[in-house]
Each structure stands twice: as structure tokens, then as C-alpha cells.
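Hi,

Here is the structure I promised to pass on. Have a look at it first, and then read on for what turned up.

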Amino acid sequence: MLNRVTLKQLEIFRSVVVSGSITKAARRTGLSQPSISQQLAKLEEFLGAQLIHRNRSGQVDLTAAGEFWFKSASDLLWRYDAAIESHAARFSEDAAQVRLGTTPTLRGRFVGTAARITLDVDPNARFEQVWGLNSGEIVERLRMHQLNFALVNKTSLEQEHTSYKITPMFRDTIAWVVPAEIPTDALRAALKGDAEAFQTYPALGRYVALFGDAPLQPGSDDWYRHYLPTASTVFGGMTYSVAVDLTSEGLSTAHCPLSLYPNLPQSQVRKLRWFGIEWLSREVVMAMPKHLMSIPAYAEILGRLQSFAEEDYALEMVPDNYQPFTDLLD
């Protein structure tokens, strides 16, 4: 006979809601779908209420009771994790553990510096880097307590201000990236619809589109429809790194955040030109559970990361041959 709700049940329930389906929750938690369904059934039996509806596609919708228990579970589990981490910091000799989530764009220079800062603050610390295809995926991992630092697009955290310390890092401008061999005159001609420019430089008629729910892709598609309406999505990829790889081979043009630039090898940088599109930009922030700010090591790591982002990384994001895109429209 059930006589209580367990933390395991609440963790599973929250994982299902955050993931959106039992199938995805199984992948996230490493549990089997039958095990998850069984735990959910036990939770609903004890509470005497249905918490979720499953539609034909397998996605879940919350009932009124489900909404209540999702908020309650999130709060209880947050408090539990906060207590465990605070205990470790105050009453044990355990070292700091930084679990940093980033998108592939920021896996190079920024991650390396984050690891160095972590060890500078605590030589016995453990540092882990986890990446997701987009900010939404990183925030999902943060909610599920798989991360304690998350470098993401600010818009992905609009509903999260009560749980996390959100610290501005830098403004990330999106650039139109083109093969270096295409001269400025040809770029201007293509933007005016000159067919000869496309014939001479076929890359101008092709661009790389990102899939995997890339948040900036709709704006990128609109840009191409407006400025290069004859260009087509011959290529697709999961990351901006792939888009730059194809462009540096002279095969296409692409949109790419300037935050990728410091992570590219010079052999590739020489093959590219960058034109910043100021109205296509995003604010990148670091999200960290608020309770970690009471632990000196974590607070210092966050402060030093912010200083690095503002004083060093933001300057490194400007290519030597950078120009505003509006210069091509004069």
C-alpha cells in the first residue's frame, strides 16, 4: 500500500513534463518507458488524480492537478538539490563541480577558459561540459538538474527568473558569411539581383539552412527571401560550424553568430568574409541556480566568466575583415 510520494516519482514526473513525452524522458533519464509509466501510475494512484494526458503523437498535456504537481515537484526538487549542494559546500571537503552546458558554437575558446577559471578557483574542482543543439535543449537540461551553469540565448529563459541567477555575457551578432574569393562588387551586384554575379559566383545562389529547431533560422530565411530571393537551400546542417565549413569551401553563403569566430582555425578564417547584420542578434547569458551564489567558489567562477566574456571574448568575436552588412547596400 502506497503511503507517500517519493522523490524518484517527482523526478520522473518532472522529466516527462520537461521533455514533452515519455519516450524523450526515457532517453534523458536512462530508464525504460515501462518503468516511467509504472512510476507515473503509482504517483497518480496515490494522489487519486490524473496528472497527464497523452495524445496520439505521444506528447503529454497536463491536467489541472498535473499543473499543480509540476510546480510543486519543481519547487521541492530545487530545494532538495539546493540543500545537498549547500551541505557539500559547508560541511564536507568535496570540491566544486561545474557542469557547463553550451551550444556547439561555444565549445572551443569559451569552454577552455571556463575550465581554466574553474581550476584556478578550486584546484580540486571537477569540470564537465555538455552541449545541446540549441539553447532550448540546454535550458531543458538545466531544469532537469543535469547542469549548474548554462550559456544560452536570453530569450530561452524568459520564464526562469525566479529559479536562476541570469548574468549577461555578450551580445552575439549574426553575420552573413561568404567565401573570401567573392569580391565586394559581386556581392553588391548579387544583392541588386544581377544574374551575372550569380553565374560568375554560383555560391551566391546557395545557402546553408540549419535544422533541429534552430531558433534563428526563421529570421535567416526571411533575410534571404528579402535580400537574395533567388538563392536556395541546397545545403542543410545541424550546427553553425557545418554552415561555415561549407562556406569556407566556396560552396555557399551562410548566416553564423560571431561567437563562433574565436573557435575557428586560421586556415578556415582566411577563406571567409563576415558582414554583421545588427538587427539579427541575440543576448547570450549565463544561467546558474540562485542558491549557488551563496557558495563562494561558484560565485567567483561566475564573476570571472562574466569578466572574461565582457573584456576578452567579446573583442575576439570581431573578425579582422568584419564589415557591417549595411556597407554593401550603399
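Which residues in helix 1 meet which residues in helix 3? Keep in mind that this is a predicted model. From helix 1 come Lys-8, Gln-9, Ile-12, Phe-13 and Val-16, and they meet Ile-36, Gln-39, Leu-40, Lys-42 and Leu-43 of helix 3. Sorted by class, that contact has six nonpolar, two polar and two charged residues.

How do the two helices lie? The axes of helix 1 (residues 7-19) and helix 3 (residues 33-47) come within 9 Å and cross at roughly 115°. Angles of 65 to 115 degrees count as roughly perpendicular, so helix 1 and helix 3 are roughly perpendicular to each other. Their crossing is left-handed.

Searching the whole structure gives three cavities of 30 Å³ or more. The largest cavity has a volume of about 170 Å³. It is lined by 17 residues, and the closest to its centre are Thr-103, Leu-133, Asn-134, Pro-215 and Tyr-240. Its lining has nine nonpolar, seven polar and one charged residues.

The second largest cavity holds about 60 Å³ of space. Its lining residues include Ile-174, Val-208, Tyr-240, His-255 and Leu-280. Strand 7 (206-210) and helix 9 (217-227) are the elements that each give two or more residues to this lining, and helix 9 gives the most, with three residues. By class, the lining of the second largest cavity has six nonpolar, four polar and no charged residues.

Cheers

Terms used: Residues numbered from 1 in each chain as written. Predicted model: local features only at pLDDT ≥ 70, side-chain atom pairs only at ≥ 80, totals over all residues. Heavy atoms only, no water. Axes fitted to C-alpha atoms, helices over the stretch in contact; angles between N-to-C directions. Helix = DSSP H or I, 4+ residues; strand = E, 2+ residues; numbered from the N terminus. Parallel < 35°, antiparallel > 145°, perpendicular 65-115°, else oblique. Left-handed = near helix turned anticlockwise from the far one by under 90°. Contact = heavy atoms within 4.5 Å. Nonpolar A, V, L, I, M, F, W, Y, C, P; charged D, E, K, R; others polar. 1 Å grid on protein atoms, 1.4 Å probe; cavity = no way out; pocket = protein on both sides within 12 Å on 5 of 7 lines; lining within 4 Å. Points joined across faces, edges and corners; volume = space filled by probe spheres on them.
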